[in-house]
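Welcome! Take a moment to look over the protein shown here, and then let's walk through it together.

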Amino acid sequence: MAVSMKGVIDLDSIVSRRADLVATDIDDDKVFLDIESGKYFGMNRVGGAIWEMTEQSIAVKAICAGLMERFNIDETTCQTETLQFCQALHDAGSLLLEAKN
């Protein structure tokens, strides 16, 4: 599996989180620490759900399907916000993007 540290994420993208990041739950939120950079990030329940789903490689469209089952959200909003969130994590170096063949 080749991964890219730079790229544009779309619904067909396969993503996974970096294995070396440390995460914990605080109330209904999730916080993770990038020990390498010393930065930490906080996420709400939806972000935490995405974080959990990206433990293994997964297509962004599958993340959206899982979120729509779990939360009361329409498809268009879910796709737009999930793409934005995943792109932000990827741009920060926390979410890996598998290279397309």
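Which residues form a nonpolar patch on the surface? They are Val22, Leu33, Ile35 and Tyr40, with about 430 Å² of accessible area together. Please keep in mind that this is a predicted model, in which local features need pLDDT of at least 70, side-chain atom pairs count only at pLDDT 80 or more, and totals for chains, interfaces and linings use all residues. Residues are numbered from 1 along each chain as its sequence is written, and side-chain values use heavy atoms, with hydrogens and water left out.

**The surface patch**

- A patch is made of residues with over 30% relative accessible area and no salt bridge, where like charges are joined within 9 Å and nonpolar side chains (Val, Leu, Ile, Met, Phe, Trp, Tyr) within 5 Å.
- Accessible areas come from the Shrake-Rupley method with a 1.4 Å probe, and for residues only the protein chains shown count as cover.
- Val22, a member of the patch, sits in strand S3, residues 22-26.
- Helices (H or I, at least four residues) and strands (E, at least two) are DSSP runs, numbered from the N terminus.
- Val22 has a relative accessible area of 43%, so it is partly exposed; buried means under 20%, exposed over 50%, and partly exposed in between (1.4 Å probe, protein chains only).

- Strand S4 (residues 29-34) and strand S5 (residues 39-43) run antiparallel and are joined by five bridges; two strands pair if DSSP finds at least two bridges between them.
- Leu33 stands opposite Tyr40 in S5, and both residues belong to the surface patch.
- Four residues lie between the strands of this hairpin, where Gly38 takes a positive phi near 80°.

**The nonpolar core**

- In soluble globular proteins, nonpolar side chains tend to be buried together.
- The largest nonpolar core here has 19 residues, and those with the most contacts inside it are Ile9, Val15, Phe32, Ile63, Leu67, Cys86 and Leu95.
- Helix H1 (45-53), helix H2 (60-70), helix H3 (75-91) and strand S7 (95-98) are the elements that give two or more residues to this core.
- H2 gives the most, with four residues.
- Such a core is a set of buried Ala, Val, Leu, Ile, Met, Phe, Trp, Tyr and Cys residues joined through side-chain atoms within 4.5 Å.
- Leaving aside neighbours within four places in sequence, Leu95 is in contact (heavy atoms within 4.5 Å) with Ile9, Val15, Ser16, Arg17, Thr54, Cys86, Leu89 and His90.

**Around strands S2 and S7**

- S2 runs antiparallel to strand S6 (residues 58-59), with two bridges joining them, and Val15 stands opposite Ile58 in S6.
- S2 and S7 also run antiparallel, joined by three bridges, and the bridge partner of Val15 in S7 is Leu97.
- In a regular strand the side chains alternate between the two faces of the sheet.
- Both faces of S7 are covered, with Leu95 and Leu97 on one side and Leu96 and Glu98 on the other all buried.
- Is Ser13 buried or exposed? Ser13 has 1% relative accessibility, so it counts as buried.
- Ser13 is found in the loop between S1 and S2, and the residues in contact with Ser13, leaving aside neighbours within four places in sequence, are Val8, Ile58, Ala59, Val60, Leu97 and Lys100.
- Ser13 and Leu83 are 70 residues apart in sequence and 9.8 Å apart in space, C-alpha to C-alpha.

**Salt bridges**

- Side chains of opposite charge can pair when their charged atoms come close.
- The structure holds five salt bridges, each being a side-chain nitrogen of Lys or Arg within 4 Å of a carboxyl oxygen of Asp or Glu.
- Lys61 forms one with Asp12, the closest N and O atoms being 2.9 Å apart.
- This pair links distant parts of the chain, 49 residues apart: Lys61 is in helix H2, and Asp12 is in the loop between strand S1 (3-4) and strand S2 (14-17).
- Asp20 forms a salt bridge with Arg18, with 2.9 Å between the closest N and O atoms.
- Asp20 is partly exposed at 40% relative accessibility, whereas Arg18 is buried at 11%.
- Arg70 and Glu52 meet in a salt bridge through their side chains (3.7 Å, N to O).
- Arg70 lies in helix H2 and Glu52 in helix H1, so the pair ties together parts that are 18 residues apart in sequence.
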